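Hello,

Here is the structure I promised to pass on to you. Please open it and keep it beside you while you read my notes.

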Amino acid sequence: MKNQKNQMEEFQERIGYRFRNRHLLTQALTHSSYANERHMSRLSNNERPEFLGDAVLELVTSEFLYEKYPACPEGELTRLRASIVCEQTLAFCTREPELGRYLLLGRGEDLTGGRERKSVLSGAMEAVIGAIYLDGGFGSAKEFIHRFILNDIEHKQLFFDSKTILQEAVQGHMEEELSYRLVEEAGPDHNKKYTVEARIGDQAVGRGEGGTKKGAEQEAAYHALLYLKEHPEKYTHLKQNSEQGLSEELHVFKKY
């Protein structure tokens with residue numbers, strides 16, 4: 001119990017918000033597997049605050065995009081919002097506060113990689129938002145969302161659409177083909193971890209890890225895009241007159 005209390009204190013330091021009602025924080029971090037294992041009430045896990053946090057996140061994100069992209073039509077704003085509040089992006093956003101470290105998981109969920117599972121992480125992120133909203137109001141929840149989810153939005157959009165953007169950039173501007181190579185497959189069947197390289201021709205340009213091959217490829221593509229943006233001079237196999245076009249394509253999210 002003392003260790004759990006210390007963990008809660010540490011997490012509050014990481015997110016820069018102190019709960020007046022600590023029970024709300026505990027509930028937000030309590031996965032259903034933990035509650036079930038300890039025969040707790042099914043209303044004591046984080047599913048209810050997750051439901052509330054989902055609604056708060058959607059409203060704050062909608063307001064943010066409406067103000068940031070005044071020239072964007074409704075359809076594009078909807079697509080952007082969906083990409084921000086989706087499971088993959090929210091799980092990516094939990095890396096900075098290291099949310100997975102602080103979750104209360106059942107033993108089986110913990111042993112099978114629950115702390116890195118995207119569905120678990122994204123749900124917990126929404127639950128924390130819901131808990132902050134109940135504890136400190138809309139302003140506090142909005143501040144948390146802007147700090148951990150809506151900050152550096154171009155990179156997060158790049159992450160979500162990484163495979164598509166990389167494929168289009170390579171096909172449109174390079175002579176060599178894009179491929180993904182499985183470098184390592186580790187762990188038991190119920191908790192696999194895959195390591196994948198994104199390659200242009202014979203050259204590795206990005207590496208990613210994930211609980212699925214698709215997730216590892218997405219992360220590898222993201223790191224490949226960052227590498228291409230930072231080191232365009234490395235690519236001598238560009239199609240004729242493609243250098244400027246490639247540069248513009250890799251900055252796609254700065255167009256609004």
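Below is what I found, going from the whole chain to single residues.

First, some ground rules. This is a predicted model, in which local features need pLDDT of at least 70 and side-chain atom pairs count only at pLDDT 80 or more, while totals for chains, interfaces and linings use all residues. Residues are numbered from 1 along each chain as its sequence is written, and side-chain values use heavy atoms, with hydrogens and water left out.

The chain has 13 helices and 3 strands; these are DSSP runs numbered from the N terminus, with helices being H or I of at least four residues and strands E of at least two. Of the 256 residues in the chain, 45% are buried (buried means under 20% relative accessible area, exposed over 50%, and partly exposed in between, with a 1.4 Å probe and protein chains only).

Now for the inside. The largest nonpolar core has 45 residues, and Leu-29 and Ile-149 are those with the most contacts inside it. Such a core is a set of buried Ala, Val, Leu, Ile, Met, Phe, Trp, Tyr and Cys residues joined through side-chain atoms within 4.5 Å. Elements giving two or more residues to this core include α1 (2-15), α2 (22-28) and α8 (118-136), and α8 supplies the largest share, 9 residues. Apart from this core lies another, of 18 residues, including Val-170 and Leu-225.

What does Ile-149 touch, leaving aside its neighbours within four places in sequence? Its contacts (heavy atoms within 4.5 Å) include Leu-57, Ile-84, Met-125 and Lys-156.

Next, have a look at helix α10 (residues 153-160), whose buried residues are Ile-153, Lys-156, Gln-157, Leu-158 and Phe-159. Among the elements that cover them are α4 (47-68), α11 (162-173) and α12 (213-230).

Helix α12 also holds Tyr-222. Is Tyr-222 buried or exposed? Tyr-222 counts as buried because its relative accessible area is 8%. Not counting residues up to four places away in sequence, Tyr-222 touches Phe-92, His-155, Leu-158, Phe-159 and Ser-162. The C-alpha atoms of Tyr-222 and Ser-162 are separated by 5.0 Å, although the two are 60 residues apart along the chain.

Tyr-133 counts as partly exposed because its relative accessibility is 32%.

Enjoy exploring, and write back with any questions!

Best wishes
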